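Below is a report on one protein chain, arranged by topic. Terms are given with their cut-offs where they come up.

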Amino acid sequence: MGREAKGQKDPLEAVATLPPIEARAHEPPPATGWPAAQRADDPASDDVAAGAPPDSPASPAPRWFDATAPDAAPAGVPRSRRLWSIPLLVAALVLVATARSVAVRALLPLALVAAAAALLARGRRRLLPPAQASRRGLSLDGDQLVLQGEGGAARHVLLATRERFGVTLLATPRRDRVVALLSSSAGMSSIGASFDGPARRTFAALLDRASVVGSDEIGLEAIGPDGEPISLDPTALAALLDELTARSPGCVDRFLVTDARGAALSLDGVELRAGDRVFDLTAPLEWRAFVFQEALGQAIAVYQGTWVRQGTSEIVLVCLLPAMTPALDGPSASLGSIDRGALRDLRLMQGSPESPPPADQRVAIDRLLMVPIRAALDKAPRPAAQAPRARA
């Protein structure tokens with residue numbers, strides 16, 4: 001399947017493949033956000049009704065979502081201060097009841113009560129969050145979702161909700177890490193959250209909507225435009241998604257990106273569009289997943305591809321293959337506790353080896369979007385001769 005590498009030109013030179021997503025793990029991509037001041041005079045999108053009356057309903061109230069710091073102190077630290085105050089109060093009561101000296105019965109219990117009150121007050125100050133202006137988090141104010149840096153650092157607009165946008169949910173196989181990919185004409189950004197056992201049960205409906213990708217994907221770190229991960233707690237992420245869905249009900253079934261050539265690539269409900277080629281997902285179409293390899297200088301690169309054909313339109317979506325076997329969550333992990341939707345997505349990742357496709361049919365995409373695209377194609381009707389859908 002491979003070819004002689006020496007003296008051969010880059011076989012994907014015609015497609016100009018995307019820069020590896022790993023290279024973006026330690027530096028923010030340019031399209032992840034832009035300074036808020038640069039977006040003040042942007043025109044309204046077509047989604048906002050043109051010529052709306054001046055007395056249209058007021059904008060939703062501003063919302064703030066705190067970002068969780070990777071090195072945040074454990075939640076139990078302030079609680080220990082409250083526990084230490086209990087023995088002081090008990091000792092004060094014992095002295096009041098048993099001490100014979102009036103001075104001891106009056107002064108020493110007062111001192112113990114004052115010490116307990118000081119501990120409680122100090123713990124309360126630790127529990128109170130700092131002023132919003134000095135915290136790092138997300139602000140949804142008007143029609144802009146803005147990342148605000150800590151200590152009043154630069155603000156970056158991640159999304160303008162007056163424009164068409166999409167929200168693509170991705171998760172690890174065990175759904176303990178979820179990332180929301182926000183996409184619009186301005187580019188992509190991502191917001192993550194980690195889910196423990198109780199949170200997975202509480203937000204099961206949300207997690208079921210996420211497409212599963214390998215646990216080793218760098219994109220699951222959700223690096224922001226300031227070079228730091230954007231991570232929320234599960235409740236905050238769910239609230240943010242509710243706000244975005246209320247402003248654009250179809251956003252969770254949509255993404256709007258560009259391929260490596262700069263042509264539009266979008267999935268919007270029942271339509272997949274790649275440049276000037278449009279695929280109706282309510283009509284029969286053919287598709288299959290495969291892998292292929294090609295020589296790149298002295299190395300061999302392995303790619304995954306998704307071939308799609310409907311009528312006279314035919315494309316092959318390609319990206320680098322992250323791993324021959326999708327990683328789970330540990331060396332001894334099994335498939336026993338993975339839900340049916342995750343098993344389906346893991347099977348959608350698989351493909352049989354084939355020869356490299358023609359260069360003029362290739363559309364290079366970000367590999368994080370490959371599984372969501374295949375999941376949408378898997379729901380489309382198929383011609384009678386096509387293979388059955390992937391099932392868990």
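## Helix 7

Helix 7 covers residues 370-378, and nine of its nine residues are buried, so the helix is largely enclosed by the rest of the structure. Buried stands for under 20% relative accessible area, exposed for over 50%, and partly exposed for the range in between, with a 1.4 Å probe and protein chains only. The buried residues are Met 370, Val 371, Pro 372, Ile 373, Arg 374, Ala 375, Ala 376, Leu 377 and Asp 378.

The model is predicted: local features need pLDDT of at least 70, side-chain atom pairs count only at pLDDT 80 or more, and totals for chains, interfaces and linings use all residues. Residues are numbered from 1 along each chain as its sequence is written, and side-chain values use heavy atoms, with hydrogens and water left out.

## Helix 6 against helix 7

Two packed helices are described by the angle between their axes and the distance between the axes. For helix 6 (residues 340-348) and helix 7, the axes come within 10 Å and cross at roughly 105°. Axes here are lines fitted to C-alpha atoms, for helices over the stretch in contact, with angles from 0 to 180 degrees between N-to-C directions. Helix 6 and helix 7 are therefore roughly perpendicular to each other; angles under 35 degrees count as roughly parallel, over 145 as roughly antiparallel, 65 to 115 as roughly perpendicular and the rest as oblique.

On the helix 6 side, Arg 344, Asp 345 and Leu 348 meet Val 371, Arg 374, Ala 375 and Asp 378 of helix 7, where contact means heavy atoms within 4.5 Å. The residues of this contact divide into three nonpolar, no polar and four charged. Ala, Val, Leu, Ile, Met, Phe, Trp, Tyr, Cys and Pro count as nonpolar, Asp, Glu, Lys and Arg as charged, and the others, Gly among them, as polar.

An open sheet is formed by five strands in the order 9-6-7-8-10, with mixed pairing. Strand 9 (211-212) and strand 10 (231-232) are at the edges with a single partner strand each, so one side of each has no neighbour in the sheet. Two strands pair if DSSP finds at least two bridges between them.

Strand 6 (residues 165-171) and strand 7 (residues 177-184) are antiparallel partners over seven bridges. Phe 165 stands opposite Ser 184, and Gly 166 has Ser 183 as its bridge partner. These two strands form a hairpin with five residues between them, and Arg 175 in the turn has a positive phi of about 55°. Strand 7 and strand 8 are also paired in the antiparallel sense, over eight bridges, in a hairpin with two residues between them. Ser 189 in strand 8 is the bridge partner of Leu 182.

## Cover on strand 7

Eight of the eight residues of strand 7 are buried, so the strand is largely enclosed by the rest of the structure. Arg 177, Val 179, Leu 181 and Ser 183 are on one side, and Val 178, Ala 180, Leu 182 and Ser 184 on the other. Helix 5 (residues 234-247) lies across strand 6, strand 7, strand 8 (187-194) and strand 10, at about 140° to strand 8.

## Chain totals

The chain has seven helices and 19 strands; helices (H or I, at least four residues) and strands (E, at least two) are DSSP runs, numbered from the N terminus. Of its 392 residues, 42% count as buried.
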